[in-house]
Amino acid sequence: MNRTDTIVAPATASGGALGIIRMSGPQALAIGDRLFRSATRKKLSDAAGHTLLYGEIIDPDTGSAIDDVLVSVFRASHSYTGENSIEISHHGSRYIQSEILRSAIRCGARSAEAGEFTVRAFLAGKLDLSQAEAVADMIASTDRGTHALALNQMRGGYSRELGTLRDELVTLMSLLELELDFSEEEVEFADRSQLHRIMTQTNDKILGLIRSFSLGNAIKEGVNVAIVGNPNAGKSTLLNTLLNEERAMVSDIAGTTRDTIEETLVIGGIRFRLSDTAGIRRSDDRLERMGIERTFAAIGRARIVILLIDASLFDLQQTLGAIASLDLQQEQRLCLLLNKIDKLAPEAISAIRQTLASATSCDRILAVSAKHNRNIDLLTDFLHDCIDAAPAYNGETVVSNIRHYEALQRAHEALRRALDSLACGTTADLLAEDIRDVLYHLGTITGEITNDEILGQIFSKFCIGK
Ligand code: GDP
């Protein structure tokens, strides 16, 4: 990616009433002048930054008009990329878009590669790497949760937090390096208990960030919820009621929903990915067995499992067997959902609930009617309560990027090693080495330390024009 080039690309998808073409680089204004004739004859190269000019784009070869446009002018370094840039607002025809692009390229611009505007912004120091990644997340955000995460990261909340950690470690390093310089004299500049305190504090902060990934990942990828239960318990009906439309197949024949069906439901700004499974009963039918295998895979992935029980056919032993066969891990949440309560008297339902409450350790037992949409709000409340998204909405740092998560884990491992070394009274040079490692891994997150390969991987996921 050559930064002396002037790059051009559409910043909007075609199909809308308007489109924007973006151009950035040393020749952006000069190339713009060859394409654009303002209504007042003012040249773009004479215009101040952050101004808007009205006029027309003309074909540089024929001089004929292509479109009436508005051009925004941004001057280095007060632009997204830090370079001279223009943005051309044109009518949203695909033909007009390609004619303007063709003309710009004719005049010396080059088609931008994916993410190249943001790469330039990063290289110009307008944003750090984690902020650049947040730009992509911002564009991809689909709900309040993903938006809140991206916004906080883009605004640099995360970078500031990491910056503070780095500063403390750099101070530590400088003390240790001073010791190395005077190693002959065997003096200790760095008070070992102070080192221990700073390192432990830093480690705690890193661990806090690592832990936040559980929420960040749930928000970013969606929360997997498996709906399981015997055939005919009402799983498809429940899914339909939750989604309020008839997407899953509902039938009276046991075992018809053989495959898993996944649907998305947004509650409180969080995406829940609900999979309606094939059921967990044993079967000799090959197709059904495959469905059951997929059910267990879905259960394994799920953060929340809803075990649907037909209350009119309630059998304690069978339910206990079903709970045991789920083989849930400690971090997974279980909800026992008694369905078809319309078929039973309220006393019978209370009795079942009591039986279940005393026979299981499940903290959530709800009674609903999926078909008649009764108490379904209790279930959505339960889902909502399973994920505490407040940190994301309060602007706290929540790690949602797997690359950052891995770097934090490596930083934590290095810090653990450093703490162990400190406990064994290791020499300053070994200690410094581990701390340098911590700094390295933290630096990869914000991009103080980076290489073309990392940049290539990150920015290739961007769209053209960003
Ligand atoms: P699945 O096999 O678990 O997916 O079950 P279905 O959703 O296909 O439902 C099986 C049958 O139970 C259908 O006839 C549904 O209409 C019926 N059903 C589901 N929920 C309720 C309910 O709350 N009350 C009653 N009375 N019937 C229900």
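Eight bridges join β4 to strand β5, residues 65-74, and the two run antiparallel. Strands here are DSSP runs (E, at least two residues), as helices are runs of H or I of at least four residues, both numbered from the N terminus. Two strands are said to pair if DSSP finds at least two bridges between them. Within this pairing, tyrosine 54 has leucine 70 of β5 as its bridge partner. Together β4 and β5 make a hairpin with six residues between them, and glycine 63 in the turn carries a positive phi of about 80°.

Before I continue, a note on the model. It is predicted, so to speak of local features we need pLDDT of at least 70, and side-chain atom pairs count only at pLDDT 80 or more, while totals for chains, interfaces and linings use all residues. Residues are numbered from 1 along each chain as its sequence is written, and side-chain values use heavy atoms, with hydrogens and water left out.

On its other pairing, β4 (residues 51-58) meets strand β3 (residues 36-38) in the antiparallel sense, over three bridges. There, phenylalanine 36 has isoleucine 57 of β4 as its bridge partner.

What is the order of the strands in the open sheet? Seven strands form it, in the order β3-β4-β5-β6-β2-β1-β7, with mixed pairing. The edge strands are β3 and β7 (110-111), each of which pairs on one side only. Strand β1, residues 7-10, pairs with β7 in the parallel sense over two bridges, and isoleucine 7 stands opposite arginine 110 in β7.

Two backbone details deserve mention. Most residues other than glycine have a negative phi, and most peptide bonds are trans. The peptide bond from alanine 76 to serine 77 is cis, with omega near 0°, and serine 77 lies in the loop between β5 and β6 (85-91).

I turn now to the domains. The domain assignment gives domain 1 (7-127), domain 2 (134-216 + 401-447) and domain 3 (226-390); such bounds come from an automatic or database assignment. The contact between domains 2 and 3, meaning heavy atoms within 4.5 Å, takes seven residues from domain 2 and seven residues from domain 3.

How much area is buried between domain 2 and domain 3? The value is about 490 Å², of which carbon and sulfur atoms give 48%. Buried area is the accessible area (1.4 Å probe) that two parts lose on being put together, summed over both. In domain 2, Asp143, Ser214 and Leu215 lose the most area to domain 3, together 68% of what that side buries.

Across this interface the rule finds one salt bridge, defined as a side-chain nitrogen of Lys or Arg within 4 Å of a carboxyl oxygen of Asp or Glu. Aspartate 143 forms a salt bridge with arginine 271, the closest N and O atoms being 3.1 Å apart. On the side of domain 2 that touches domain 3, α5 (144-154) and α7 (192-221) each supply at least two residues, and α5 gives the largest share, three residues.
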